[in-house]
Amino acid sequence: LNTTSIGKFGVVVVGVGRAGSVRMRDLRNPHPSSAFLNLIGFVSRRELGSIDGVQQISLEDALSSQEVEVAYICSESSSHEDYIRQFLNAGKHVLVEYPMTLSLVAAQELWELAEQKGKVLHEEHVELLMEEFAFLKKEVVGKDLLKGSLLFTAGPLEEERFGFPAFSGISRLTWLVSLFGELSLVSATLEERKEDQYMKMTVCLETEKKSPLTWIEEKGPGLKRNRYLSFHFKSGSLENVPNVGINKNIFLKDQNIFVQKLLGQFSEKELAAEKKRILHCLGLAEEIRKYCSRK
């Protein structure tokens, strides 16, 4: 594609933590997708002035500027909904890190708003671009699942900023749904020791064919970031993923997908399937939260 004929989309990055910093780096490096994007500035609650020559701009300026056509929302999850709404209302395309919102209703409203405004709303799912996932997808295809489990461990995470564990851990849920199709909730429990910064969420799900899947998120001091999985099929078992190499440029791969959407290169069918999966996962996360709070 010829960039000169369509010009570049001006981009502002909101939030310059880990994801935002990677996004800014990718936007400034010469990649095929970055050729369509022009990093105009970043928005942050901290006074930073500039980062590597990129200027900080106020939220108001980012929203009102004619130059800014795209917002990358990389702030903490609890602020996503508000930022997405503001940028869509200002007529900007939006890329947002997962989870796009901390409630299903909010997500549905924002998709509707994006459609009304004729703008792209894209939720990042870099976990689907990982080498491990590609390996699993190949392993699982055409097999009959008997039962499975996925345990994720990591250090503590603040719920106020990142949402209930079913939302902050939605990338694990997305793996399970992308591998085994739509799931339904059987039960869920949450064990918490706030004074020890420890929590363990155990979720029992089942596939459309009624095969049980257990998803566990365990977070606390001293727990290393790790994934343990075990899938049992009629034809054998899969226990954990072999070391399949490093995940190179997964945020950049996500940016490529976003640019394809900006350029109208995704079919309606692909977009609808993706939206359906995202809303299904957010809906499950919300059911899990409700189930745990009833206890």
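**Entry 1: annotated binding site.** I looked up the feature "binding site" in UniProt, where an unreviewed entry places it at Val16, Gly17, Arg18, Ala19, Ser44, Arg45, Arg46, Ser77, Ser78, Ser79, His80 and Tyr98. UniProt positions are given in the numbering used here, feature names are shortened, and annotations may be inferred rather than shown by experiment. Of these residues, I found Val16, Gly17, Arg18, Ala19, Ser44, Arg45, Arg46, Ser77, His80 and Tyr98 in the lining of the largest pocket. On a 1 Å grid over the protein atoms alone, a pocket is an open set of points where a 1.4 Å probe fits, with protein on both sides within 12 Å along at least five of seven lines; lining residues have an atom within 4 Å of a point. I located Ser44 in the loop between strand S2 (37-43) and strand S3 (50-51). Helices (H or I, at least four residues) and strands (E, at least two) are DSSP runs, numbered from the N terminus.

**Entry 2: basis of the values.** The model is predicted: local features need pLDDT of at least 70, side-chain atom pairs count only at pLDDT 80 or more, and totals for chains, interfaces and linings use all residues. Residues are numbered from 1 along each chain as its sequence is written, and side-chain values use heavy atoms, with hydrogens and water left out.

**Entry 3: annotated domains.** UniProt lists residues 9-125, in an unreviewed entry, as "domain: Gfo/Idh/MocA-like oxidoreductase N-terminal". I note 35% helix and 26% strand over residues 9-125, with the end C-alpha atoms 22 Å apart. The UniProt annotation "domain: Biliverdin reductase catalytic" (unreviewed entry) covers residues 133-243. That span is 24% helix and 46% strand, and its end C-alpha atoms lie 12 Å apart.

**Entry 4: backbone.** Which peptide bond is cis? I found the bond from Tyr98 to Pro99 to be cis, with omega near -10°. Pro99 is in the loop between strand S6 (93-96) and H5. Lys210 is not a glycine, yet has a positive phi of about 70°; I place Lys210 in the loop between strand S10 (198-207) and strand S11 (212-219).

**Entry 5: H4 and H5.** The axes of helix H4 (residues 80-89) and helix H5 (residues 104-117) come within 10 Å and cross at roughly 15°. Axes are lines fitted to C-alpha atoms, for helices over the stretch in contact, and angles run from 0 to 180 degrees between N-to-C directions. H4 and H5 are therefore roughly parallel to each other (angles under 35 degrees). The contact (heavy atoms within 4.5 Å) is made by Glu81, Ile84, Arg85, Leu88 and Asn89 of H4 and Ala106, Glu109, Leu110, Leu113, Ala114 and Lys117 of H5.

**Entry 6: H2 and H10.** Helix H2 (residues 18-28) and helix H10 (residues 250-262) pack at an angle of about 65°, with their axes 10 Å apart. That makes H2 roughly perpendicular to H10 (65 to 115 degrees). Ala19, Val22, Arg23, Asp26 and Leu27 in H2 meet Phe251, Leu252, Asp254 and Gln255 in H10.

**Entry 7: H9 and H11.** I found helix H9 (residues 170-180) packed on helix H11 (residues 268-294) at about 125°, their axes 10 Å apart. In H9, Ile170, Leu173, Thr174, Val177 and Ser178 meet Arg277, His280, Cys281, Leu282, Leu284 and Ala285 in H11.

Conventions. Angles under 35 degrees count as roughly parallel, over 145 as roughly antiparallel, 65 to 115 as roughly perpendicular and the rest as oblique.
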